[in-house]
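Q: I have a sequence and a structure to look at. Please show me how to read them.

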Amino acid sequence: MKINYLHKTCLALAVLFATSLNLDANNGVRVSAKVLLSGPLAPNGLMRDALREKGLLPTTEPYSGLQGFQHFGEGGGETVNPAVFQVTGDNAIVDWVVLELRKPSSIGTPVATKAVLLQRDGDVVDTDGLSPVHFTFVKKGKYHVSVRHRNHLGVMTAAAIQLNATATQINFSSESLELWGTNGSTNIGGKMALWLGDSNHDKKVIQQGPGNDFLTLFTTVLYATGNEAFNVNFMAEGYFTADTNMDGYAVYLGPSNDRSNVFLQSIAATGSMNAGLQEQIPD
Ligand SMILES: [Ca+2]
Ligand SMILES: [Ca+2]
Ligand SMILES: [Ca+2]
């Protein structure tokens, strides 16, 4: 009886040990993505990091609880050591973004998400500010990979891409990467960049009528701390989705306002000042 009990205990421990070994061997999947946001993109090909310079970047990811975003799997609550935001140069952090993984069999719902960081040169890195993004609990296999941002329209790979424990490179700034849908991103000097201007993060960029993004900008400016006089020309400094060019200010009227880029983008894309754009990621 006693031996039998001992035998069973040993067997259970062996199974447990083997299971944990198996988990370690699997070791999740890694993604080494590159993406450009057209809002902060400068003519030198780097994105501006004004939000970091001004100390406006939050050390906890901003997507939990933000309308239009939902975390899946291990995603949500990511934090960063403030020292990561001290790095300057090409690898300085521009903002938080979200990576999503979807199986072809259930394309409308991610199996995993992760809030991670974007460097000025477009590298999407884990919360250490350097490494490829590691999805610890995701099994090797083929996934559609999408990248999304607070006030830009997200993009997704047209194909499901094999992901492994070693990082797979996915360059969303390349003209040759096929994206899901049509007109998913914008071509700026031969580099693909995400459409700007989704200030109310409803996966659309709209300039007028119901649900337009300029209303969000208008109210952000009008009710900003320090704007006691409700001045429409006020420069609201802060971490706002209405700050479409990501210079650290939400501006409705006047120089460097956050509407002119949206108009210019609309004209360049469609010839019309007020055409709408829709995020090309399946719901
Ligand atoms: Ca880099
Ligand atoms: Ca919108
Ligand atoms: Ca701005």
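A: Start where two parts meet. This is a predicted model. In it, 13 residues of domain 1 are in contact with 13 residues of domain 2.

Q: By class, which residues are on the side of domain 1 that touches domain 2?
A: That side has 6 nonpolar, 3 polar and 4 charged residues.

Q: What should I look for in a nonpolar core?
A: Here is the general idea. In soluble globular proteins, nonpolar side chains tend to be buried together. Now the case here. The largest nonpolar core has 51 residues. Those that touch the most other members are A33, V35, L99, V116, V124, V147 and L194.

Q: Which elements give two or more residues to this core?
A: They are β1 (29-34), β2 (93-102), β3 (112-119), β4 (123-125), β5 (133-135), β6 (141-149), β7 (152-156) and β11 (191-193). The most comes from β2, with 7 residues. Both domains take part: the core draws at least three residues from each of domain 1 and domain 2.

Q: What does L194 touch, not counting residues up to four places away in sequence?
A: L194 touches V35, L36, L37, S38, H149, H152, L153, V155 and S185. V35 is also among the core residues that touch the most other members.

Q: Which residues does the second, separate core include?
A: That core has 13 residues, including F214, A224, A236 and A242. Keep F214 in mind for the helices.

Q: How do I read a helix with a buried side?
A: The general idea is about spacing. An α-helix has 3.6 residues a turn, so residues three or four places apart point the same way. Now take α3, residues 213-222. Its buried residues are D213, F214, T216, L217, T220 and V221. Seen down the axis, they fall within an arc of 155 degrees, so they line one face of α3.

Q: What do the buried residues of α3 pack against?
A: They pack against β12, β13 (235-237) and β14 (249-251).

Q: Which residues of helix α4 are buried?
A: In α4, residues 260-270, they are V262, Q265 and S266. Their arc around the axis is only 100 degrees, which puts them on the same side of α4. The face turned away from that buried side carries the exposed residues L264 and A268.

Q: What covers the buried residues of α4?
A: The cover includes β10 (186-188) and β12 (204-205). Recall that β12 also packs against the buried residues of α3.

Q: What happens just after α4?
A: G271 takes a positive phi of about 85 degrees there.

Q: Which residues have a positive phi although they are not glycine?
A: K203 is one of them, with a phi of about 70 degrees. M246 is another, at about 55 degrees.

Q: Where do K203 and M246 lie?
A: K203 is in the loop between β11 and β12. M246 is in the loop between β13 and β14.

Q: How do I judge whether such a residue is buried?
A: Count neighbours. A residue is buried if 20 or more other C-beta atoms lie within 10 Å of its own. M246 has 26 such neighbours, so M246 counts as buried. K203 has 17 other C-beta atoms within 10 Å, so K203 is partly exposed.

Q: Is R259 buried or partly exposed?
A: R259 has 19 C-beta neighbours inside 10 Å, so R259 counts as partly exposed. R259 lies in the loop between β14 and α4.

Q: What does R259 touch, not counting residues up to four places away in sequence?
A: R259 touches F214, L217 and Y252. F214 and L217 are among the buried residues of α3. D213 is 46 residues from R259 along the chain, yet their C-alpha atoms are separated by 9.2 Å.

Q: Is E100 buried or exposed?
A: E100 has 25 other C-beta atoms within 10 Å, so E100 is buried. E100 is in strand β2. Leaving aside neighbours within four places in sequence, E100 is in contact with P110, T113, S146 and R148. The C-alpha atoms of E100 and V147 are separated by 6.3 Å, although the two are 47 residues apart along the chain.

Methods
Residues are numbered from 1 along each chain as its sequence is written. Chains are lettered from A and ligands numbered from 1 in the order in which they are written. This is a predicted model: local features need pLDDT of at least 70, side-chain atom pairs count only at pLDDT 80 or more; totals for chains, interfaces and linings use all residues. A residue is buried if 20 or more other C-beta atoms lie within 10 Å of its own, exposed if 12 or fewer, and partly exposed in between; C-beta atoms are placed from the backbone. Helices (H or I, at least four residues) and strands (E, at least two) are DSSP runs, numbered from the N terminus. The arc is that of the directions from the helix axis to the C-beta atoms. Two residues are in contact if their C-beta atoms, placed from the backbone, lie within 7 Å. Ala, Val, Leu, Ile, Met, Phe, Trp, Tyr, Cys and Pro count as nonpolar, Asp, Glu, Lys and Arg as charged, and the others, Gly among them, as polar. A nonpolar core is a set of buried Ala, Val, Leu, Ile, Met, Phe, Trp, Tyr and Cys residues joined through C-beta atoms within 7 Å. Domain bounds come from an automatic or database domain assignment.
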